[in-house]
Every structure is written in structure tokens, then in C-alpha cells.
Amino acid sequence: MSDQVWTQVGLKEVEYRRVVEILGREPNHVELQMFGVMWSEHCSYKHSRSTLKKLPTKGERVLQGPGENAGVIKVTDDLAVAFKIESHNHPSFVEPFQGAATGVGGILRDVFTMGARPIALLDSLRFGHLDDAKQRHLFSGVVAGIGHYGNCMGIPTVGGEVYFDDSYKGNCLVNAMCVGIVEPGKIRKGIAKGPGNPIMVVGARTGRDGIHGASLLASAEFGEQAEDKRPSVQVGDPFMEKLLLEACLELFETDAVVGIQDMGAAGLISSSSEMAARGDVGLEIDVRKVPAREEGMQAWEFLLSESQERMLVCVEKGREPEVEAIFEKWGLLSAVIGQVTDDGMLRVLDNGAVVAEVPAHALADEAPVYYPESKEPAYLADLRNFDYSTVPMPEDFNEALLKLLGSTNIGSREWVYRQYDHMVLLGTVVAPGADAALLRLRSAARPGIHGVSAPEGPFDSEESGTEGVPTPPDTTRTLGLALKTDCNARYVYLNPRRGTAIAVAEAARNCVVTGATPVAITNNLNFGNPEKPEIFWTFDQAVEGMAEACTVLGTPVTGGNVSFYNETAGEAIYPTPTIGMVAIHENLETAVTPGFKNAGDVIVLLGDTKDELGGSEYLKVIHGEVGHDCPNLDLALELKLQRAVRTAINEGLVTAAHDISDGGLVVALAEMAMAAAEGARGCQLNIFATEGRLDGHLFGETQSRVLLTVNRDNVMRLRSICIAEGLPHRLIGDVTADGRFVVAGLAPGHESEFIFRRQTLIDLPTDDLAQAHKEAIPQWMGA
Amino acid sequence: MRFGVTVFPGTNCEMDTYHALREVIGVQTDYVWHQERDLSRYDAIVIAGGFSYGDYLRTGAIARFSPVMESLAEFAARGGLVLGICNGFQILCEAGLLPGVLLRNAHLQFRCGWTHLRVENAATAFTGATTLGQTLKVPVNHGEGNYYADPETLADLNRHNQILFRYATADGDVTPAASPNGSVENIAGIINRSGNVAGMMPHPERACEPLLGSDQGAYIFKSMVNCLTAGSR
């Protein structure tokens, strides 16, 4: 480790030389700190920027693409959705409760700084296996931290995913997604404009916490002493953020705001330089005017502090008193710390004396862009050589199914989501536990309407004390939002390009089975050290796969987050490009859920089944193997499938629908049975295995498949929809009332291939399945 | 008839409660800011759930000192209907308007999910639209909902029919497993001796529309409206 000035702030020598060139002189200590953090990977995307240009970002509905605090898509002429996903991996590994809590706090601010009222949170989490006490500590701490922040804020956590794999043992992943609603005309941006306009800090006081979070914590690998970085983790206060949220939304109802930005990673320096750069202006700010939590803070500490629950606002000149009054009402501080200038310089004063002066664009936009070396990883060839035909067939399929359902990656997530408020704001139509979360878009939760605004609406003309109950206004709003985060990282590990395309397809499919239409994604690209050619190759391939799938499925990327350096002691995580999918549901009256509804309904399998066991949960859980290749993906077929499913649901034909994913066909059917309505908790299935391995048909993870149930009278109509799309489909069984889960295999006979052999493979009470499923996580974590 | 829904810093269920009362039940409803001192225009006040003052110190412990709580005590003394939901129940206990306390859940985790409430007294302003022994599907959402009262207070509550709801199975069996938090005697909601102040941990406002999974929470608000309409109080 060198003790050169640049290494102390995380810069390379060549980067330092570039700074000197831009300034025409050596930077002083404060300026060096500013460049160190703004040119960090976390803030500058210097290793990913060129690759990310491959992603499609435009579409009819896109009102705001990448580059702002969150993306925005249009739902109707007067309703838009702002959303983004962001990682808090390293802080959560170092301090799980606060790391995860502040991850939620940060993504909430990214959304409400756009002028949107947050209406949902989702979390994509990954840990090592729970047989390790450290992993149980991380898992329980992260879940409690997410709950702590979201529950207190009153924003429902409606979905997400949890995966366990030992590749995350030294580096857990915590990706938080937030979705908010905003009127299209009222979107706010992180911009400073109009020389002379004041710049204000609002919200919490600034302390010394979180300094170097973005540069030294988020933009470097972990060594042995990860816990030494604990002081770089911020501490969150959701109560403060709740007040900040309400105050900001109230402020947005005025036209006093020019622009606003969250003071998240790299705090004051990143928010001020980015706002100035977007507006092509300069800023002059005096750090001594920032409300401080403690005495004796240095200028650079003010600039780099990642104290939570703060916003930087550019206000129309003369409107400061209005802003102050609103924040005072909510018991919050606000302070004018400077003003917009016209010289393009970010000038930092300390009690009137200039301590730093650099071009805003240099900090925000002129970090070097790297085109790292790229090389296909050697491990891939070894994996491809794995031949699953040598794996023994299970002797007892009952046992195999119970083991899969009771495994931590397939088992029930109730232990997690029962710790999250997933109902507040009265939007949750389909709660966690199904394919995608489904939310009602409700006018009463629209932005800007809050508790203390003057009452409005039909009753207000009436005097108080009027007897009787007025007729309630019509509240039937059928518009909804389906949301899902998804990534099968084992697929991406086996095949970065196709695995990532599958993550997009799968997230879309999860939304489609509710009846919704996918419209856009946000992404969280979690990878190892991009300066290693094999890691960068994987990253590049993943982005290409994502671009391909997003283009075909019509879901542009509106923003996201890249998290590199997810390594400990040189061991990288599985490449994990998490997809956050947003889909619009036009009519919640027709929405469907996975559980069987009526005995006698027919179960129809859409899509084709092959014996694809590569990368499957079955191979891993039952045989302890990870290898071969991920399943195939035909995006054209995927699109047909999604159209057919949506048409059938929208026509009201479908009583239940479920995507087939981890664990394959039989696990998907078991999930439908376990979630069934009373009196429909059984099924009788016939699985045709005409070629390939029988276990491959049962547990293989062939893509582009969906299970539907329909009333027998609707079978012909459903078939005609499938035929019109040219989509393979097959009636595979019936929903029964006897509470038994029965699967029979049909295979060509020994005597004649036309005389099928029938063999009962699985016969278990659905209650037994449910018991195994329910215990999957509590067996490690306690009830 | 006019309902008020209180808003403290950190309250987060006020919009839901407002929606349920105004849009679903159809009664005039206003938000009441925590610094409000005049409650004379209201017939009923609902203290909505959330994390007033961040639940710092102790749930409800700071909110009880706010100006609106002073006027609320007078309002209650005059016979106005008061319903505390979740954090509202905690505040009412802290303020001494209801007996007992809400402890940390016995399993020490936050818990969100559906519960069934068995109606233990159907002859109150808050349960008049229900029948005795009926179960209502209403969700809970709390970390500190473990009701506790000393044996004497408990005996007193039982003797005077002040238990409104107990956690039960869907069939109405009061079993330990049916309780989400370890409450003494599965208590989910209680009422004061004079019958005009009630508190409950479950959230009826989240169970007023079939689309959200249940509309049986609406019975509680309808009971209040019926009571006020009949002028029986």
C-alpha cells in the first residue's frame, strides 16, 4: 500500500494527474477529497459507463430515463410511476441492521426527490447458507433493518426475493427497490438553475457518519478486516425521514422549488456538483452554514458526510421563508447555505474563506471512462463439461419433492415478509408469497395529498354536524401495478448472457401471470472487481443479454445501479444482475393469483417441457451439483406465451395462474396446491415423459412455461388463444377436493410406444407439502 | 356527523383511516393535527396507527403529551367516541384513558399478517353492528402489541365486559397459537368502563374492502356510525 496522496482518497495516479491537468495546478486537500469521492466507481460509473450504453432506454411510456435520481414511466395522462433499485451490499455486510435500513432510506429519498409519493418497497437479498451462524446473523439483521425503516415510514414492503448460496458468504447482497406515484407535470429534478437562486439544506443535521462510504467502502473489495469499515456505515432515522417525506411533498405543492436532490452517497459534494452540472451553472456554498451535529467539523467532512435524511434544494429567490415555514411545521431544519452562480465553478467556502474551487462538470461528468480488458472466464468450460445424464435418478420422488419444498431457496418466505408491513396505504391486492406483488393504484394515495392539507371533496360544502351518512363516492379504480424483483444468479454464473436474459423474461412472466403488461425495468448489477478481465467479460455479457431481452419484451431500462467489488479475499459473488420489473394492470377485477380455486378446474400447461436440468435447484438440492448450462431461452416464444396468458386472463377465462421457475413443473404445481382455496387443495396430474429423463420433466427448469387453471367449459377458448399464438400447450390434470397431491408419469411402453405405461410418482397430502414448505426458513432461524 | 383522524409526527395510517371512513363508510372526516386544541366539531376521534414520534422512549409515550391529547381527554370525558388503532391504542394506554400496557411481542419480532378477532361484547358503540362470538378477519401490524394488565385489572376488565376482541382461529377458538403477539388472554381490543373509549391493536381500516382481502373491519366503523346516528349515547 502506497501512501501517495491519491491512494488515500481511492484514486489512481493517472486519475490524479488528470485532476492536476483539469485544474492547472495541484488540488488542495479538500479538492482532492472531492475528486476522490466523485471519481469513485460508486459515483462515476467509470468502469460501467461505456457498457451501459448498450441498454435500451427509450419507449413511449418513458418520461425519465437514466441519469436522474429515479426513472419515471407514464401510466395514464395524469399518473406516472417513479422507481429505482439500489444496492447497499457492503454496508449491510459490515453492519446488517443499519446497512439495510439506510439502504431503504436512500432508495426512498431517490424516489420522493422526484416529486413522487412512495407506495411500495421490494428487496432482493442474498446470503450464504443458513447453516452458518454468521449468515443467520446477517440475514436476521438485514430483514429487521428493512422492516425497521419501511414499517416506520409507512411504506409497504410488498415483494422481493431471498436466495441463499455460499458464493455470497463473504459478501451479502441487499438491493432495495422503491416505487412511487407522481403526476406527470409535477416531476422534480436534481438540477440547479438561475444565478442568484438560494441553495438550501433541509432535514437532518450533518455529522461525521458515513464519511468515505461511497469511495472506500462501496468501491473496493473486502479483505479480512471488513468490520474495520463499520464507521463508514451510516445510521438511519426513519422517523426523521417520514417527516422529511411529508415536508418535501408539501413543499412540492408550491412552485418554490427549482430542483432538489437527495444527499445520499457522497452527501453534499455529490448533490451539489451534480445539480450544478445538470443545470450547467456554478454553485457557491459555505459549509459553516450547514446545520452540524457536532462541533469542530472540517470542511471536507461536511462535504463527504453521508448523514442520512437530508436534501439539497435549489429554491426560487425570495421564496426561502415559505420553505422554512413548511420545514418548521414538520419540526425540521432548513438553512440557506449558498447560491447559484453563472461561472460553472463549484466554490466551497468555510466561513467565507474559499477552501475549494473546481469546475462542477469536472467532478460530476469528467471522471475517466475505462474500457476494461475482457476475457471469458476459464471456469465456464469446466462447467459446460458437466454431464447430468450421469446423475442417479431419485428412488423416491415423494422424498425429493418434500426436500425441495423444504429447501431454503424454494421454501416459504413468510418468515421474512411477516416482519414487514406489507399492507399500509391500502394498495396491496396480492401480498408477498405469489409471483409478483399486485398493487391498486388509488387516487387517495396520490402525491401531495396529506393529512394536514385542507379537506376537499364532496362533503366539504356541508356543515359539521350534518346528520346521516352521505353516499360514498365511487372508489372503484381498477388500475393496478404488478412489481417483481428477480434474478437466478446461478443461471448467470453458468451463462452470463442468457442467464441475464432469463432474469428479464422471468421477472416479466411473474408480472404477466397476474394479468399485467410489463412496461419497464430498473436494474441492480452486482458483480466482482471489474478490473479483473473475467469479471468484466461477465458484466459485459450480462448487459448484452439484458439489452436483448428488454428490446424484445418492450421493457426499456429507466435507470438502476451498478455495484462492483463484491468480493472478499479475491472470491467474487455469483454475477447477480437483479431486475426490478414494473408492469401495468389495466383491470384488477380480472387479476388472478397462483392458488387453485375450484375442484374440477382443468390444469393447462402453456409452453414446451424439455428435460433441462442444467443449473436447476433440483440438481443443487438433491444432488449437490452446479453445472452444465442454464436452460434455453427463445424470446419470440416468451413473447407469445406472455401475450396468450394475458389475453386469457383479461378475457376472464383463468381461475389461477403461476409461472414455472425454480424447482420446475412439480414445484410450481405444489405451490398452486399449497396456496389453494378451501375445497381445492388437491390435484391429479399426468406428466408425459416421452423423451429424456423423467426427473428432468418433473423438476427441470425449461423457460417460457406457465400453468393456468380454467373451468372445463373454457378449455376450448383457451386452446384457441394458444393456437392463434402458435403456442404449445397441454392439459395435464385436474384440481381435486381430496387434499392430495398426486402426480403420475406417462411414458412410452416397453411393448409398444403407443401403449403408455402409467406410474404414480408422487402421492402426498398437500398439508404435508405445506408443512415442509413453511418450515424451510424457521428450521434455521427459529419460528 | 363528523369524524376526526389524528396526525402526530410519525403517524402513518392516517391516510388509510381517512380513506376507509370517508370513501368506504361514507362519513365526513377531517385530519386533526397534533397541535389542535379544539375538538368541538367532532363526534368521534380515531387515533390512527403508525410510529408517533418515532416510537422513541416508548410507544405512545411522547404523543400523550401533545396538545391534541389534552383536548382528547376532555372530549372523552364529555362522552365523545374515541377509537385508538394500533399506535392509537398504545397512546390511549400511555395517557391513562385505557388500562394496561402494550409490551414487545412475545417472540420479539415485528408481525404483519391476518388475524381473526372474536367479538366478546357486541353491545358497545364499537361493536353494535356485530354479533357476540362472531369472528372478524382483520390484520395486525406491530412490534409491541402484547397486551398486559395485572391480574386485578384483568379481572376487573372481564367482570365489566370490557374485552372487545380476542385473537381466535377462523372458527372462533381462542388458542395461544391464534395470538400474533402473546397478549394476556388473547386480548386484541378493550373498552373503558363508560363505553366511549376503545383501543385495539388490529387495523380495521385495512379490512374494509373485499379487494384487499376482507371487509369485516368495516363493522367497527359502522358500529360507531350507527351509534352516533341513533343518538343512543
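Student: Where is A:Leu426 found?

Tutor: A:Leu426 sits in the loop between helix 17 (414-417) and strand 14 (428-430) of chain A. Helices (H or I, at least four residues) and strands (E, at least two) are DSSP runs, numbered from the N terminus. This is a predicted model, in which local features need pLDDT of at least 70, side-chain atom pairs count only at pLDDT 80 or more, and totals for chains, interfaces and linings use all residues. Residues are numbered from 1 along each chain as its sequence is written, chains are lettered from A and ligands numbered from 1 in the order in which they are written, and side-chain values use heavy atoms, with hydrogens and water left out.

Student: And what is the phi of A:Leu426?

Tutor: Its phi is near 55°, a positive value in a residue other than glycine. Most residues other than glycine have a negative phi. A:Leu426 counts as buried, at 1% relative accessibility. Buried means under 20% relative accessible area, exposed over 50%, and partly exposed in between (1.4 Å probe, protein chains only).

Student: New topic: how many disulfides does a search of the whole structure find?

Tutor: The search finds zero disulfides over all chains. A disulfide here is a pair of cysteine sulfur atoms within 2.5 Å.

Student: Which residues of helix 25 of chain A are buried?

Tutor: In helix 25 (residues 715-725) of chain A, the buried residues are A:Val715, A:Leu718, A:Ile721, A:Cys722 and A:Glu725. Seen down the helix axis, they fall within an arc of 125°, so they line one face of helix 25 of chain A. The arc is that of the directions from the helix axis to the C-beta atoms.

Student: What covers those buried residues of helix 25 of chain A?

Tutor: The cover includes strand 22 (602-606), helix 22 (635-650), strand 25 (706-710) and strand 26 (729-736) of chain A. Contact means heavy atoms within 4.5 Å. On the face turned away from the buried side, helix 25 of chain A carries the exposed residues A:Met716, A:Ile723 and A:Ala724. After helix 25 of chain A comes A:Gly726, whose phi is positive, near 65°.

Student: Next, at what angle do helix 8 and helix 10 of chain A pack?

Tutor: Helix 8 (residues 133-153) and helix 10 (residues 238-252) of chain A pack at about 35°, with their axes 9 Å apart. Axes are lines fitted to C-alpha atoms, for helices over the stretch in contact, and angles run from 0 to 180 degrees between N-to-C directions. Their crossing is right-handed. A crossing is left-handed if the near helix is turned anticlockwise from the far one by less than a right angle, and right-handed if clockwise.

Student: Which residues of helix 8 of chain A meet helix 10 of chain A?

Tutor: A:His148, A:Tyr149, A:Cys152 and A:Met153 in helix 8 of chain A meet A:Pro238, A:Phe239, A:Glu241, A:Lys242 and A:Leu245 in helix 10 of chain A. The residues of this contact are six nonpolar, one polar and two charged. Ala, Val, Leu, Ile, Met, Phe, Trp, Tyr, Cys and Pro count as nonpolar, Asp, Glu, Lys and Arg as charged, and the others, Gly among them, as polar.

Student: How does helix 10 of chain A pass helix 13 of chain A?

Tutor: Helix 10 passes helix 13 of chain A in a right-handed crossing. Helix 10 and helix 13 (residues 320-329) of chain A pack at an angle of about 150°, with axes 9 Å apart. The contact has seven nonpolar, no polar and two charged residues.
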